[in-house]
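Student: I have a structure open and would like to learn how to read it. Where do we start?

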Amino acid sequence: MNADDNKKEHLPLYGIGPILCFPMVVLTAVGVFLSEKEYIFGKISDNTVNTILLIIGILLIIEGVALFLGADAGGNLQNDIKDNKLKTNGAYKFVRNPCYTLFLLGSTGAILIECNPLLLILPLLFWLEMTVVLKNTEEKWLKDLYGQEYVEYCKNVNRCIPWFPKRK
């Protein structure tokens, strides 16, 4: 038996990201396009509300990008995955899936900027998709790989919505 036999299999470096993120990008782009071409009616015409939604939308996009950049704090994300280390620092202190959350926040921001409330169903569908897919794939893999350490991490950090860590 050599040393490699004792080493656990690590997670895929890119996980299920393309499966989660591609539909978010495409559906958001299609929704915004259809709304702009007025195939989807219901745009808000109040300038004050539009300005508020624009500001919130931009802030959500900035938050998503910041989480994405913070996910690889220290530049060790891929090394941690290869070395089977559970990543809990950087953006991972605030959300368990900061890279996927970028797409959730970005699509929500783009939809808010578009000012069409009918499109707000999309972020809800994306959140549901992320929840179902992640619970049935990556979260199972991580629980198998890290056991109780991952279970405790899940108790303190949200899956998709960034928030301050819960007190232990």
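**Reading the model**

Tutor: Start with the surface: the accessible surface of the chain comes to about 10,200 Å², and 65% of it belongs to carbon and sulfur atoms. Keep in mind that this is a predicted model.

Student: How many helices and strands does the chain have?

Tutor: The chain has eight helices and zero strands. Read from the N terminus, the elements run α-α-α-α-α-α-α-α.

Student: What share of the residues in the chain is buried?

Tutor: Of the 168 residues in the chain, 39% are buried. Buried here means under 20% relative accessible area. Contacts are another thing to read: among those with a separation of 6 or more, 79% are between residues 24 or more positions apart.

Student: Which residues of helix α8 are buried?

Tutor: First the general idea: an α-helix has 3.6 residues a turn, so residues three or four places apart point the same way. Now the case: helix α8 covers residues 148-156, and its Tyr 150, Tyr 153 and Asn 156 are buried. They lie on the same side of α8 because they cover an arc of only 120 degrees around the axis. What covers these buried residues includes α7 (138-146).

Student: Which residue forms a salt bridge with Glu 152?

Tutor: Glu 152 pairs with Lys 155, and their closest N and O atoms are 3.2 Å apart. The two are three residues apart in helix α8, so about one helical turn separates them. Glu 152 counts as partly exposed because its relative accessibility is 34%. Lys 155, with a relative accessible area of 49%, is partly exposed.

Student: How many salt bridges does a search of the whole structure find?

Tutor: The general idea is that side chains of opposite charge can pair when their charged atoms come close. In this structure the search finds five salt bridges. One of them joins the side chains of Glu 114 and Lys 43, at 2.9 Å from N to O. This pair links distant parts of the chain: Glu 114 is in helix α5 (residues 98-114), Lys 43 is in the loop between α2 (17-36) and α3, and they are 71 residues apart.

Student: Are Glu 114 and Lys 43 buried or partly exposed?

Tutor: Glu 114 has 6% relative accessibility, so Glu 114 counts as buried. Lys 43 has a relative accessible area of 37% and is partly exposed. Both residues also belong to a network of salt bridges that links Glu 36, Lys 43 and Glu 114.

Student: Where are Arg 96 and Glu 139?

Tutor: Arg 96 forms a salt bridge with Glu 139, with the closest N and O atoms 3.0 Å apart. Arg 96 is in the loop between α4 (77-82) and α5, while Glu 139 is in helix α7, so to read this pair is to read a link between distant parts of the chain, 43 residues apart. Arg 96 and Glu 139 are both buried.

Student: Which residues make the nonpolar surface patch?

Tutor: The patch is about 840 Å², and the residues that make it include Leu 54, Ile 58, Phe 68 and Ile 113. Helix α3 (residues 47-71) gives the largest share, nine residues.

Student: Where is Val 65?

Tutor: Val 65 is in helix α3 and is one of the residues of the patch. Val 65 counts as partly exposed because its relative accessibility is 38%. A residue needs over 30% relative accessible area to be part of a patch.

Methods:
Residues numbered from 1 in each chain as written. Predicted model: local features only at pLDDT ≥ 70, side-chain atom pairs only at ≥ 80, totals over all residues. Heavy atoms only, no water. Patch = residues over 30% accessible without salt bridge, like charges linked within 9 Å, V, L, I, M, F, W, Y side chains within 5 Å. Areas by Shrake-Rupley, 256 points an atom, 1.4 Å probe, with all protein chains shown as cover. Salt bridge = Lys/Arg side-chain N within 4 Å of Asp/Glu carboxyl O. Helix = DSSP H or I, 4+ residues; strand = E, 2+ residues; numbered from the N terminus. Buried < 20%, exposed > 50% of the residue type's maximum accessible area, 1.4 Å probe, protein only. Contact = heavy atoms within 4.5 Å. Arc of directions from axis to C-beta.
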